[in-house]
Structures are given as structure tokens and as C-alpha cells.
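Please keep the viewer open and check each point as you go.

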Amino acid sequence: MTARELDAAGITEPALRAAYAHCRRLNARHGKTYFLATRLLPVARRPAVHALYGFARWADDIVDSVDDDATPKERAAALHALEAQLHAGLARGGGDEPVVRALAHTSATYGIDPAYFTAFMASMRADLVVTDYPTYADLRGYMYGSAEVIGLQMLPVLGTVTPREEAAPHAAALGAAFQLTNFLRDVGEDLDRGRVYLPGDLLAAHGVDRELLQWSRLTGTEDARITAALRAAADLTRGVYRRAAPGVAMLAPASRPCIRTAFILYRGILDAVEADGYAVLHRRAVVSRPVRATVALDGLVRVTAARTHARTVAPEGSTVDAPRRGRYPLSLRRRPVAWERQRPTWRDAAPGVIAGALERAKARPSGNWYAVGASRQVGRDRPLGRTVAGTEVVLWRAADGRLRGGPGACPHLGAPLKDSPVRCGTLVCHWHGLALDGGPFAGWEPYPVYDDGVLVWVRLDHAGGEEPLDRPRVPERPDTAAAVAAVHTGVGRCEPDDVVANRLDPWHGAWFHPYSFVDLTVTDGPAGPSDAFTVDVSFKVAGRLVVPVRAEFTAPGPRTVVMRITEGEGAGSVVETHATPLGTDASGRPRTAVVEAVVAASDRPGFAVARAAAPLLRPLMRATAGRLWRDDMAYAERRWELRRAGRFPG
């Protein structure tokens with residue numbers, strides 16, 4: 001539990017704060033989908049949600065996973081002890097057990113009906129003795145206590161804009177929909193525990209019984225009857241989601257993004273089950289990380305919109321709030337301009353200005369260092385291989401994690417070392433087992449390499465021809481421990497000059513990438529010792545919601561362009577574009593890799609959400625960069641084709 005959440009909720013007593021923090025850890029460990037959604041709630045409401053779900057998680061652990069060797073009698077005794085602690089804690093508003101202490105405090109704070117907890121415990125006891133539900137009505141009785149009451153417990157915490165009793169049926173239906181989704185996804189795992197939650201009458205309608213399910217699970221054989229029954233169960237669950245859906249609009253506006261996100265993610269599990277052919281007896285269906293990241297980002301946008309009640313009026317003649325940091329990270333375009341009506345920039349994007357900036361960049365030293373790829377790409381057991389400036393290069397990690405590198409061909413018979421494994425920090429050739437520890441061996445000489453924490457580099461003095469430097473000139477970045485970093489790599493048929501020239505033409509942004517940039521104005525440049533272009537631009541988020549910033553574009557080296565946000569949201573964040581020559585293709589055309597690092601940072605407290613969701617956001621960040629570079633690579637390739645033909649106007 002973050003101190004900010006506890007402070008916002010008015011929880012000051014140390015033991016109580018520790019109890020809520022314990023509940024939060026339970027949810028983070030076990031309920032990743034809903035934990036992610038919970039981060040979208042107002043901070044003051046999060047501790048109560050963690051208490052409710054932490055208690056439910058604890059009871060479920062007693063039933064299923066605390067001690068695999070425990071007998072049913074021992075589990076029943078543990079559950080009975082928990083229930084006794086629960087009732088005692090609710091009665092006196094506290095308890096010795098941290099989860100009960102937090103739950104009792106939440107129940108008293110929000111006036112949650114104790115009968116909901118009694119019903120929940122009854123369903124938990126049923127899990128110890130009931131292994132089948134003959135009808136859907138029987139299952140509904142179980143789900144009232146195990147799932148529907150969870151939705152009812154949540155209502156006072158989330159708040160409503162309608163009378164609570166009007167929202168209650170929808171909240172209960174959403175709890176049931178989530179659990180039915182889990183039942184469908186976890187059919188195989190539940191069967192291994194001796195339980196079948198899918199109603200017997202639904203299975204029987206398609207000729208399915210427990211024995212058939214077990215046969216399919218054990219043999220790995222699919223059966224059309226099982227597929228039909230599972231499809232019917234999914235249709236049933238979708239119907240429950242439809243009954244639940246109207247309830248989202250009945251919640252307090254600040255709570256809706258959280259529940260909407262959970263709604264979409266859980267319903268997405270049904271889509272994943274369907275896409276996988278209802279093979280849930282044989283493998284677990286999951287919502288892909290890019291989908292989860294997209295839904296989470298949409299939730300963040302809706303959170304900001306819900307919490308934004310007043311915005312500044314744009315200056316006369318402008319179309320968007322000035323690129324300064326405001327109270328909220330997003331702004332609303334007041335007078336959006338259609339793409340075809342924006343001011344043409346071709347007069348400003350003078351070919352001579354771009355060419356001059358490019359020539360000055362090429363005169364700056366690189367020390368013969370080339371960006372190879374993302375630091376994350378170099379794992380403990382597999383190397384990273386790439387051809388750089390016509391030279392095969394392989395990088396790997398020693399046992400202590402330090403980077404090693406050298407020629408990509410084995411000195412024995414030339415095997416491609418990029419395909420060889422790493423064992424205990426030693427690169428072992430997969431053709432004959434020759435082992436390289438990173439030191440010289442039989443004519444194989446290591447290359448200087450460098451890991452800056454985001455990118456990995458190699459120095460090739462024979463290719464660069466410059467005075468070598470001990471380390472690459474890494475641009476200044478935000479502290480990566482407090483940032484979210486992602487790296488995109490793409491390849492095009494052009495030269496590094498063409499990539500750099502593209503990045504030194506900021507005027508094309510809103511015309512060529514209208515899906516990402518609007519209201520772009522180059523206010524200065526190239527100017528100053530760093531030859532910087534200064535740009536005011538807004539990043540599109542959704543609809544008329546944008547993030548206005550001021551950014552500087554500089555070229556600190558012959559193959560590098562850096563965009564740094566200097567004012568507005570995310571000040572200090574950088575996008576580094578490194579153009580690495582690879583060599584020529586079979587037709588003799590040059591190939592260049594774009595290695596682009598995005599390092600995003602913010603000092604807003606809410607940025608902790610982004611850092612926590614970094615594993616989900618990185619694929620989205622890479623996809624966004626990839627979409628931009630599909631267009632920009634076409635620009636760079638076109639520029640090279642025209643230069644080759646002697647027809648380039650610049």
C-alpha cells in the first residue's frame with residue numbers, strides 16, 4: 001500500500017496501515033487483472049478495495065492452495081477459525097489478524113452489510129464438500145455468496161449516482177459474470193481439484209459429463225460435444241455481462257474507469273477462450289499484453305477525463321492549451337483544425353536548412369560507437385546478434401551480468417554465434433561446442449561493448465574511421481528507475497543520413513502523422529550550440545484529448561537525433577533515434593536499422609501507475625513507435641531512392 005493511498009483514505013494508525021498494505025500485496029500477487037484496474041480508482045478508495053479482495057483471496061487460499069497436503073477436516077477448521085475471527089472483528093471494529101483488521105475497518109467506514117460476509121463464508125464452506133452443481137439454479141445459489149456479494153460489498157466504496165438499490169442488481173450480475181468467466185477459463189484446473197462448476201444441466205444438454213471431461217483432460221483430446229458445451233457456457237456468461245453493463249453508468253464518475261477496465265479485461269478472457277477454440281481443458285486462455293495495455297491506457301484517459309472539471313481557456317487564435325504543465329496531464333482541443341486546413345509547412349521546411357543541420361550532425365564525433373539494440377534483448381542464456389556496418393557482431397552477458405561482444409562468426413568453422421546458447425556466462429558454439437568467455441581466442445578478438453541500461457552498443461573502429469572514444473556519447477536521460485523505457489527496432493533500405501534527415505524535419509509531423517500529432521509549430525531553430533529545433537506540438541490521445549508539450553530536437557552525433565520534452569507534461573522525457581548501418585542487401589541497396597529508445601518520465605504521483613504497468617505499456621510504446629516509423633521509413637527510403645537517381649531536390 002502506498003503512503004499516498006493510506007494518507008488520502010485518512011488511515012493513520014501504524015498497525016492499521018500495515019494491515020491494509022498486507023491486503024494490497026495479496027491482490028498484487030494473485031489478482032493481476034483486477035489489481036491493474038484498481039490502480040484507476042481514486043487513491044482514497046483503493047485501500048478499501050484491497051481489504052475486500054484481500055479477505056476474499058485469503059479465504060479462497062484456505063480452500064484451495066495454502067497447504068496442498070491439508071485434509072478437508074483441516075481446511076474446514078481453518079475456515080471456521082477465519083469465520084470466527086471475522087465475526088469478532090466486525091463486532092468490535094478490529095482484529096488481531098491483519099486482513100480481518102483491514103476488513104473490519106473498511107466495513108465500518110463504508111457501512112457494508114455484515115450479511116454479505118456471512119453469505120460469502122457459506123459459499124467458501126460449500127467448496128469443501130460440494131463438487132458438482134446439477135443445475136444453473138444450484139450454481140446461482142453458490143455464486144450469490146462467492147461472487148455476487150463481492151459486487152454488493154463494493155458499491156458503497158465505489159459510490160453511485162443513483163439510489164444504491166437500483167445499482168445493486170447490476171453490481172451482483174457483474175460479480176457473477178466475472179466468476180462465470182473464471183469457471184470457464186479454469187475448467188481444467190478445477191477438474192484437477194475434483195470440482196466441476198459448470199452446471200450439470202448445461203453439460204448434459206450437449207452430451208457431456210464429468211467422465212468425458214476427465215478423459216479429454218487426461219488424453220489431451222478435443223471433443224465436439226465439449227466444445228459445444230463450453231460455447232454454450234460462454235454464451236450464458238455473455239448474457240450475464242449484458243445484464244451487468246448498465247450498472248457502470250450508475251457508479252460515481254471517478255469509479256467508472258476502474259470497473260469499465262475490469263469489465264473489458266474479464267470479458268476479453270471470453271474472447272481469448274473462443275479464439276483458442278475452447279481448448280480450456282488443455283491450456284489457459286489469457287488476454288494478450290498489448291490488449292491489456294491498450295485497455296489500461298484507455299482507462300487512464302478516462303480517469304483523467306473524469307477528474308477534470310475545469311480547464312483553462314486557450315489564448316486567442318490558438319487551437320489548444322499552451323504547452324505548459326497544468327493541473328491535469330491532458331488538455332482539450334478547443335478549436336480543432338481539420339487536417340487539410342492546417343497551415344502548410346513546406347515553406348518553413350527548407351531543404352537547405354535540413355541539409356545544413358544534417359551536415360553539422362555528421363561532423364560531430366561518435367567515437368565509432370553503434371547502437372545495436374535494447375539492453376533487455378541480451379538475456380542470460382541467449383545472445384543478441386546483428387550485422388553492423390557489414391560486420392557480424394554478437395553480444396552476450398557474462399556470469400556477473402556484464403556485457404561481452406565480438407565477431408559473430410565462430411573462429412573454428414564460422415558458425416553463426418547469434419544462434420548459439422550462453423551457459424554460465426560462456427558463449428558455446430552450437431556446431432562443435434567451442435566456448436568463448438569474451439577474451440581473445442584463436443584469432444577471435446573481442447569488440448569494445450557498452451550497456452547503458454537502455455541500449456547496448458558496439459565500437460567498430462575499422463568501420464567508423466574516427467578517433468575512438470572509451471564509451472558512447474549517451475544522451476542525458478531521466479533516471480530509468482523512475483521512468484518507463486521501451487525500445488523499437490526497425491529496418492529500412494536507406495542510409496543513416498536519410499533517417500537522420502527525417503528526424504531533422506520536424507515540420508512534417510502533423511501532416512504525415514495526423515493520427516499522433518496535431519497543432520505542430522516549429523518555433524525556433526536550428527539554433528544555439530546544440531543546433532536545436534524547438535517545437536510546440538500536441539500528442540493525440542483520444543478524440544479531442546491531447547497532451548501539449550514543447551520539445552527540442554538535437555543531433556549530438558552523426559547517427560543520432562534526440563527529441564527531449566522541455567515544457568509541459570513529461571518534461572525531461574526523451575526519444576532517442578539511432579541510425580545503425582547494417583550493410584547491403586542482395587541487390588546492393590544499403591540497409592539501416594532504426595534503434596529508437598523512448599524513456600518516459602513524470603513527477604506526477606499518478607505516474608506510479610504507469611511504472612507499475614510498465615510490462616504492459618512497453619509493447620504498446622513499441623507498437624506506437626513502430627507505426628510512426630512505418631511512415632518515416634517510407635520517407636527515408638524515398639529520400640535515398642531520389643538521391644541515388646540524382647533527383648533529390650534537397
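1. Which residues of helix 12 (residues 210–219) are buried? They are Arg210, Leu212, Leu213 and Ser216. Look down the axis of helix 12: the buried residues fall within an arc of 165°, so they line one face of the helix. Turn to the other side of helix 12, and Glu211 and Leu218 are exposed. Keep in mind throughout that this is a predicted model.

2. What covers the buried residues of helix 12? The cover includes helix 10 (187–192), helix 11 (200–204) and helix 13 (224–244). Then look just past the end of helix 12. Glycine 220 sits there, with a positive phi of about 70°.

3. Now step back to the whole protein. It has 650 residues, and 52% of them count as buried. There are 21 helices and 17 strands. The C-alpha trace spans about 80 × 75 × 50 Å along its principal axes. Take the contacts with a separation of 6 or more: 64% of them come from residues 24 or more positions apart.

4. The buried residues in helix 16 are Ile354, Ala357, Leu358 and Ala361. Viewed down the axis of helix 16, they fall within an arc of 100°, so they line one face of the helix.

5. How do helix 5 (residues 72–92) and helix 7 (residues 114–129) pack? Their axes are 10 Å apart, at an angle of about 175°. Angles over 145 degrees count as roughly antiparallel, so helix 5 is roughly antiparallel to helix 7. Helix 5 brings Arg75, Ala76, Leu79, Leu82, Glu83, Leu86, His87 and Leu90 to the contact. Helix 7 meets them with Pro114, Phe117, Thr118, Met121, Met124, Arg125 and Leu128. By class, this contact of helix 5 with helix 7 has ten nonpolar, two polar and three charged residues.

6. Is histidine 508 buried or exposed? Its relative accessibility is 14%, and buried means under 20%, so histidine 508 counts as buried. The residue lies in the loop between helix 18 and helix 19 (509–512). Leave aside neighbours within four places in sequence, and histidine 508 is in contact with Asn502, His513, Asp632 and Tyr635.

7. Proline 134 sits in the loop between helix 7 and helix 8 (136–158). With a relative accessible area of 52%, proline 134 is exposed. Even so, proline 134 touches Pro199, Gly200 and Asp201, not counting residues up to four places away in sequence. Valine 535 is 401 residues from proline 134 in sequence, and their C-alpha atoms are 67 Å apart in space.

8. Compare that with threonine 480. This residue is in the loop between helix 17 (461–464) and strand 11 (484–492). Threonine 480 is partly exposed, at 41% relative accessible area. Alanine 601 is 121 residues from threonine 480 along the chain, yet the two C-alpha atoms are separated by 8.4 Å.

9. Last, find glutamate 165 in helix 9 (residues 164–185). Glutamate 165 counts as exposed, at 61% relative accessibility. Leucine 155 is ten residues from glutamate 165 in sequence, and 9.7 Å away in space, C-alpha to C-alpha.

Conventions: Residues are numbered from 1 along each chain as its sequence is written. This is a predicted model: local features need pLDDT of at least 70, side-chain atom pairs count only at pLDDT 80 or more; totals for chains, interfaces and linings use all residues. Side-chain values use heavy atoms; hydrogens and water are left out. Buried means under 20% relative accessible area, exposed over 50%, partly exposed in between (1.4 Å probe, protein chains only). Helices (H or I, at least four residues) and strands (E, at least two) are DSSP runs, numbered from the N terminus. The arc is that of the directions from the helix axis to the C-beta atoms. Axes are lines fitted to C-alpha atoms, for helices over the stretch in contact, and angles run from 0 to 180 degrees between N-to-C directions. Angles under 35 degrees count as roughly parallel, over 145 as roughly antiparallel, 65 to 115 as roughly perpendicular and the rest as oblique. Contact means heavy atoms within 4.5 Å. Ala, Val, Leu, Ile, Met, Phe, Trp, Tyr, Cys and Pro count as nonpolar, Asp, Glu, Lys and Arg as charged, and the others, Gly among them, as polar.
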